[in-house]
Each structure stands twice: as structure tokens, then as C-alpha cells.
Amino acid sequence: AVVSTQSTGRPGCKFQETTEQQIAAFVRPAYLSLPPWKFNNASSTLNFHFRTQESSGLLVFHGDLAADWVAVELEQGRLKTTLQIGDGMRTVSSLVTGLNNNAWHNVTLVISLDYFSFEVDDMPMEQPLAEASFVFEGGLYVGGVPENVNVSLLPYSMQAAPHFIGCIKALIVNHVIQDLLQAGNDKSGVRSECEGTCAAYPCNNGGNCRQLETRYDCVCTGTFYKGQTCSEDMTKVRFTAGSSLSYSLYDHKRTIRDDLHLKFKTTNSDGGLVQIETQDPNQFINVVIKNEYLELIPEDGKPEDLRSVTLARKRRHLPHAELLAAQHRHLVLCVDTTA
């Protein structure tokens with residue numbers, strides 16, 4: 001086991017944290033610069049753990065784009081290592097998919113004189129390097145690359161997602177634990193703890209996380225949930241025949257776009273859902289259920305054909321989600337993700 005008192009490679013630097021406490025939580029696009037990865041006898045090893053819910057992102061980059069370099073990236077939930085040696089490039093993808101499940105995963109990369117090995121969650125892949133040896137030059141970067149790196153020289157997948165959002169911990173290079181806490185100290189977009197930050201994806205049910213200096217906020221707009229992590233159901237209202245609710249939303253306020261989110265369930269084949277009125281009685285928007293179909297009636301009073309947006313009999317008792325968007329004179333009605 002690696003003990004916590006080993007040097008990071010920076011002169012005179014010692015620290016007391018264990019490998020599990022050496023965490024960098026990337027809440028916004030950022031990167032950490034670490035001491036270069038050097039060749040160590042017959043082989044050199046890099047090991048770390050990560051967790052995320054993002055499908056793609058660049059986790060680790062080492063080298064020089066003008067010479068040899070190696071990168072570990074997440075692409076559509078699958079981890080991939082790209083090795084550039086001279087003019088030759090080779091890529092190895094993990095056997096495991098769905099790695100963006102917000103669980104911790106272990107990664108080990110080994111580069112030797114005659115092979116390189118890539119292991120994810122104890123499932124190794126290996127390729128020979130008989131024709132050339134990897135030259136260990138350039139910097140070691142975690143979570144992304146510096147602004148002065150010409151990302152257009154990287155493969156397209158790395159250009160599309162040049163930064164990592166999530167958590168990385170226990171980064172060990174040639175059996176020496178790296179001081180992520182020191183590297184991330186006062187670094188914008190990086191936190192020293194994964195839990196309690198947006199990097200841990202605390203917001204549920206599609207809520208958006210907003211990272212503040214000392215805490216996070218979950219924005220639950222449009223999710224049909226509320227609470228600190230968008231986990232609490234919003235208040236439900238049961239309507240009987242002839243009942244309704246009325247809200248005054250605007251006071252002479254002009255908006256560019258208005259979104260109305262509604263979740264409902266019913267066993268009736270006909271009924272009114274929403275009516276939006278203005279001070280002009282000839283201007284309104286009405287959404288109704290008619291013979292198990294939804295109809296959108298705009299201000300001129302003529303029903304719009306919505307490509308047979310239907311509430312099937314067998315699903316009438318289940319909740320349906322509706323989004324009504326109005327922008328200028330353009331209306332969109334989405335029901336159960338169907339527009």
C-alpha cells in the first residue's frame with residue numbers, strides 16, 4: 001500500500017492526507033498541472049480513480065503535441081487511451097461501458113519499453129510497442145489541458161470535450177501519490193471535496209446544479225420536483241367537475257419566451273387542461289383533451305393538428321408531462337417528449 005507521507009516530487013513537499021483524501025472535484029472547465037511523468041526503470045505506471053455523470057471529457061494528458069503524448073478520455077461513457085509515438089497513433093478502449101454512472105472507477109496505465117497496458121476496473125487491455133519507445137517529455141495535466149495547448153491537433157473527440165467535469169482521486173505516478181489538494185488550491189473551478197459540490201451531481205430528476213463559492217444550489221425549474229436536491233414531489237391538486245385554479249402571472253410584463261410545464265393524469269377522455277388569457281379577450285391559448293387527443297387552440301380559435309398526440313386508453317391513468325412554449329408568435333407543445 002502507498003503511505004501518505006511520500007513526496008509528490010516537489011522539493012521539500014510532504015503531506016498527511018491519505019490517497020482517498022487526495023481529491024480534485026472539477027465543477028467547471030479547469031485543469032491541474034502536476035510534476036512531469038518520468039520513465040522509471042523498465043516501465044512507468046499511472047493510476048487514479050474517477051467518477052462522473054458526463055458522457056465525455058478529457059481526464060489526463062501527458063506529453064508534448066509536437067512529440068510523444070498520451071491521453072485518457074471518456075467518450076460516450078467508455079474510457080479510451082490514445083498514445084502518440086512519433087507519427088504513429090494508437091487507441092485502446094475499455095471493455096466496460098456506462099462509466100458515467102457517478103460511481104468510482106479505477107484506471108491503471110502502464111507504459112514500458114515494449115508494451116503499454118490500459119486497465120479499467122480490473123479489466124486490462126495490452127498492446128505491443130516493438131517499433132518505438134515512448135519519450136517522456138512535457139507536462140502532466142489532469143482535468144483538461146492549458147489554454148496555450150492547440151487542441152485542434154488533438155483527435156476530434158478530445159476537441160469536442162477538452163475538459164472533465166467530475167471527481168478524480170488517488171492519482172499515483174510511479175508509486176508516488178500526487179498532491180491534488182495542493183495543485184488545486186485556489187484554482188478556479190476545482191474543489192477539494194467531491195461530496196457537497198456539483199462534481200458529485202447532487203441534483204436529481206434533471207435539476208441543474210449551480211456551484212457557488214461555499215455551497216451548491218439545485219435549480220429545479222421544469223422538473224416537477226422541488227427541494228434542496230430536486231427530490232421532493234411538487235404539490236398535487238385534484239380537480240373535480242367544474243373546479244379550477246386561477247393565477248395572475250404577469251403585470252404588463254413583456255417576455256421573449258414563456259415556458260409552462262405541466263404534469264397530469266386523468267381517466268377522462270375530454271376536458272380542459274390550461275387556458276392562458278390576456279387583457280384582450282380575443283387573445284388566448286387553450287390546451288384541451290378531446291376524445292383522448294390533445295388539442296392546442298391558439299389565439300385565432302382554430303385547433304392545431306399535433307400529429308396525433310394521443311393519450312392511449314391503457315395509459316390514461318398514468319402521469320403525462322407537458323411543455324407549452326411560446327416565443328413571439330411561435331407555439332410548441334411537447335407531450336411525453338413528443339413535439
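Two strands pair if DSSP finds at least two bridges between them. Strands (E, at least two residues) are DSSP runs, numbered from the N terminus. The model is predicted, and local features need pLDDT of at least 70, side-chain atom pairs count only at pLDDT 80 or more, and totals for chains, interfaces and linings use all residues. Residues are numbered from 1 along each chain as its sequence is written, and side-chain values use heavy atoms, with hydrogens and water left out.

**View 1. Strand β6 and its surroundings.**

**View 2. The hairpin of β5 and β6.** Seven bridges link β5 (residues 69-75) to β6 in the antiparallel sense. Thr 82 in β6 is the bridge partner of Ala 71. Two residues lie between the strands, and Gln 76 takes a positive phi near 55°.

**View 3. The hairpin of β6 and β7.** Strand β7 (residues 88-93) pairs with β6 over six bridges, again antiparallel. Thr 81 has Val 92 in β7 as its bridge partner. In this hairpin, also with two residues between the strands, Gly 86 has a positive phi near 60°.

**View 4. The open sheet β20-β21-β22.** Three strands form this sheet in the order given, with antiparallel pairing. β20 (271-277) and β22 (293-297) each have a single partner strand, so one side of each is left without a neighbour in the sheet. Neighbouring strands are turned by 10° against each other on average, direction ignored (axes are lines fitted to C-alpha atoms).

**View 5. The pairing of β20 with β21.** Antiparallel strands β20 and β21 (residues 284-290) are joined by six bridges. Val 288 in β21 stands opposite Gly 272.

Definitions and conventions. Helix = DSSP H or I, 4+ residues; strand = E, 2+ residues; numbered from the N terminus. Axes fitted to C-alpha atoms, helices over the stretch in contact; angles between N-to-C directions.
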